[in-house]
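Work through the exercises below with the structure open. Try each task before you read its solution.

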Amino acid sequence: MRPPVSIGRRRLLTGAAAIAVAPQARAQDRAVVIAQTSDVATLDPAYGMDTATGNVLKHIYESVLSRRGDGSIGPGAAGPAVNLSPTEWRVELPAGRRFANGEPVDAEAVRASFARIVDPAAKAPTRPLFTKIVEAIVESPGAIRFRTDGPDALFEARMTNLLVVPPKYAATGKLTEAPVGSGPYMLEQWRRNDAVVLTARPDSGLPAPHYTRVTFRAIPEEIARISAVKTGEAQLVTALSPNQADSIARGGGVQVLRSDSTRVMVVHFNTAVPPADDLRFRRAVAMAVNRDEIIRGLMKGYATPVATIFGAAVQGVQKGADGAFAHDPEAARKLIQELGLTGHEIEIAGGAGRYPLDREIALAVGAQLRRVGLAVKVRATEYGTFLGDVKQRRVAPVFIQPHGNVWFDPLPQLVAFFDSNGFISAWREPALDRLLTETDGALGAAREQLVGKIVTHLKDEAAAVPLFAYQFIYAAAPGLQWRPRPDDVILAQEMT
Amino acid sequence: MLTYLIRRTLLVSVTIWGVMTILFGLQHLSGDPTLLLLSSDATEDARRTLANQLGLDQPLAAQYAAFLWNTLTGDLGLSWKYHQPALRIVLEALPATALLTSAAIALGLAVAVPLGILAAVYRNSWIDTLASFIAVLGQSMPVYWSGLLLILLFSTTLRWLPSMGSDGAVALVLPAATLGLNIMARIERITRASMLEVLGQDFVRTLRSKGLSERSVLFRHGLRNASVPIVSMVGLQLSALLGGAVLIETVFAWPGVGRLAVNAVYARDFPLVHAAALVVTLTFCLVNMLVDVLCASLNPQIRLD
């Protein structure tokens with residue numbers, strides 16, 4: 001007979017504590033390495049604009065509202081936002097939340113975070129994102145009201161870019177290298193140009209993330225990034241080219257993940273240079289372009305055909321809006337003949353080296369235009385020079401222009417590329433300018449209808465030929481569970 | 001010596017002015033940086049505000065004058081990307097580049113000099129052929145290409161070495177070997193040629209006829225006399241090394257000045273490009289000056305002034 005086992009109270013408690021701690025101890029070992037193409041620029045959210053920086057900042061700080069994985073907007077540190085009048089919004093904050101240094105996450109923190117960005121003396125590059133907001137008024141520790149200088153359909157989107165900082169600490173100027181936020185992670189180490197290491201905050205008040213240690217590494221070279229994920233040095237790597245993604249997908253051993261982006265490749269026309277001032281020529285080009293051939297052959301299927309110049313995640317575009325052109329080379333050839341342009345030399349311009357296969361896409365479009373009788377010369381230049389040429393309307397009559405859309409809203413993209421005073425616009429049409437201004441002042445369904453009208457107008461004028469939306473392509477370790485997002489944001493708290 | 005130093009200092013000043021002027025011209029020929037610094041759906045007002053913040057709306061002559069003044073005072077301003085003093089950022093990255101280039105030079109010398117001596121001593125033998133083959137291989141392969149091949153072999157396939165980063169000495173092996181392979185070829189060839197020239201001279205025959213050991217003839221007298229062109233070559237190779245480091249640091253994600261400069265160029269971060277160019281130019285000029293002094297100490301026939 002076995003002797004009775006005696007377990008004292010202390011031993012019992014120790015055992016229970018060990019069982020309770022065990023899963024946590026295992027969790028502490030859970031680390032993930034994410035390799036991006038570039039390093040973090042700064043850890044102060046007022047000055048961080050690029051994707052690589054934003055990805056790290058969104059682990060340390062919380063935005064007032066947050067962009068969800070499907071592109072829609074939900075609560076963040078605060079929210080949701082309530083539209084009090086066309087020019088007033090109120091945002092409420094939950095009580096009891098604190099930054100890592102103990103300062104409260106309250107309305108004053110939101111106001112101070114906004115104020116430091118819009119202060120002209122701060123020269124913050126994020127300032128233009130908030131110029132439409134003229135005032136932030138603290139109503140109570142749990143509520144803040146914003147006033148805009150007109151109806152602002154982008155207000156909620158602006159709030160996804162307003163990362164909240166602790167006001168007293170921010171005033172010390174230390175955020176650049178020693179950030180303090182209210183997000184689920186805090187900084188452990190930043191080795192510039194090499195890696196940022198984050199650890200989970202046990203006291204953030206947010207759901208505990210699966211990965212308790214996150215390292216963002218900067219690996220500019222694609223082959224080195226792929227090697228890193230294959231050897232287990234990284235669990236997720238960004239910015240794969242279609243060719244490499246295709247090769248990896250066929251090779252196995254590593255997951256290839258992808259998501260539609262809001263970045264759309266579009267054929268544009270410079271109407272200052274003949275024959276692009278002729279609608280029939282623009283229609284001929286639109287019909288000659290075979291985007292499916294480009295998606296299949298050049299992009300290896302890692303691109304999505306679009307019906308308009310907007311990616312699928314852009315909100316506020318009428319369902320069924322159609323701005324695309326059917327491929328009809330016969331009709332295009334006939335039009336070119338009617339115009340007497342058969343054998344006529346046309347230049348196509350594009351940027352080179354900024355977006356995946358941008359130069360090759362220009363060459364492919366050039367080859368398709370040759371098939372309908374044009375003598376095409378393709379000129380792909382350094383991207384900055386190309387944009388300068390577009391802006392000055394010195395660019396070729398046909399040019400290939402990638403569109404970005406950080407707002408997930410159609411209007412900023414339309415204004416940038418089609419307003420006479422747009423940021424990178426070669427299009428001049430007073431009637432369209434008026435329509436864009438009218439859309440800027442509208443909200444809700446009325447705005448959506450006006451956007452639909454503009455899409456139809458652009459098609460009628462053959463002002464733009466949408467080709468495809470780029471896809472964000474990632475390589476991931478076999479066990480990593482993560483769903484890529486249309487904004488290219490990578491959040492470790494969304495991974496298991 | 002003093003006259004020499006004064007003259008060289010003046011020459012360095014002229015060189016820096018020339019490099020900075022070319023840099024300024026190239027920066028402003030490469031388009032409007034505000035178009036790249038903002039997202040493509042930004043507004044024209046945002047672009048104007050940014051241009052004003054960065055002083056890019058000033059006349060070109062005023063920008064050039066400020067650029068030269070900043071160079072002279074060493075106050076290169078804040079990096080547009082990092083929002084920290086540009087010179088400080090470059091100086092922080094300098095040790096990583098110095099470590100990489102030093103390791104590459106050490107590796108290159110350790111292999112190339114013995115190989116060059118062997119190729120000279122056993123002229124037209126299989127050793128000479130092998131050394132020539134290695135030299136041709138090292139010199140003809142672009143560093144980014146050999147770097148990628150080494151990653152595929154030693155990281156992806158064999159999994160012996162990390163493909164990127166700067167964690168510990170082991171991370172230095174691949175980038176230093178890639179960079180070292182390139183300069184090794186040049187040093188091996190110059191060592192072989194110099195040794196052949198020296199070993200064919202009358203004093204070597206005299207030394208041998210006096211009964212000196214072959215080791216003494218080769219290393220004590222031969223190599224010493226052959227070393228001036230080798231040292232000069234190493235000095236000249238520094239520019240190739242710094243150029244190579246730009247590529248190698250990008251391929252291997254090594255956090256040095258080269259990669260920083262490349263990123264700054266892509267991001268149109270003018271102050272950071274300015275700081276990187278200034279530091280690299282100064283380093284290059286100073287090393288060249290040091291090489292001249294070293295050559296003079298190795299060969300008394302060389303007079304600095």
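**Exercise 1.** Find which helix gives the largest share of the nonpolar patch.

*Solution.* Start with the helix: H7(B) supplies 4 residues, the largest share of the patch. Keep in mind that this is a predicted model. Next, list the members: Tyr144(B), Trp145(B), Leu149(B), Leu152(B) and Leu247(B). Together they make a nonpolar surface patch of about 460 Å². Now place one of them: Trp145(B) sits in helix H7 of chain B.

**Exercise 2.** State how much area chain B and chain A bury between them.

*Solution.* Begin with a general point. Interface size is often given as the accessible area lost when the parts come together. Here chain B and chain A bury about 4000 Å². Carbon and sulfur atoms carry 54% of that area. Then count residues: 46 of chain B are in contact with 49 of chain A.

**Exercise 3.** Describe the side of chain B that touches chain A.

*Solution.* First, name the elements that give two or more residues: helices H2 (33-37), H3 (44-53), H5 (86-121), H7 (143-157), H10 (214-251) and H11 (257-266) of chain B. Second, pick the top contributor: H3(B) gives the most, with 6 residues. Third, sort this side by class: 17 nonpolar, 18 polar and 11 charged residues.

How values were computed:
Residues are numbered from 1 along each chain as its sequence is written. Chains are lettered from A and ligands numbered from 1 in the order in which they are written. This is a predicted model: local features need pLDDT of at least 70, side-chain atom pairs count only at pLDDT 80 or more; totals for chains, interfaces and linings use all residues. Side-chain values use heavy atoms; hydrogens and water are left out. Contact means heavy atoms within 4.5 Å. Buried area is the accessible area (1.4 Å probe) that two parts lose on being put together, summed over both. Ala, Val, Leu, Ile, Met, Phe, Trp, Tyr, Cys and Pro count as nonpolar, Asp, Glu, Lys and Arg as charged, and the others, Gly among them, as polar. Patches are made of residues with over 30% relative accessible area and no salt bridge: like charges are joined within 9 Å, nonpolar side chains (Val, Leu, Ile, Met, Phe, Trp, Tyr) within 5 Å. Accessible areas come from the Shrake-Rupley method with a 1.4 Å probe; for residues, only the protein chains shown count as cover. A salt bridge is a side-chain nitrogen of Lys or Arg within 4 Å of a carboxyl oxygen of Asp or Glu.
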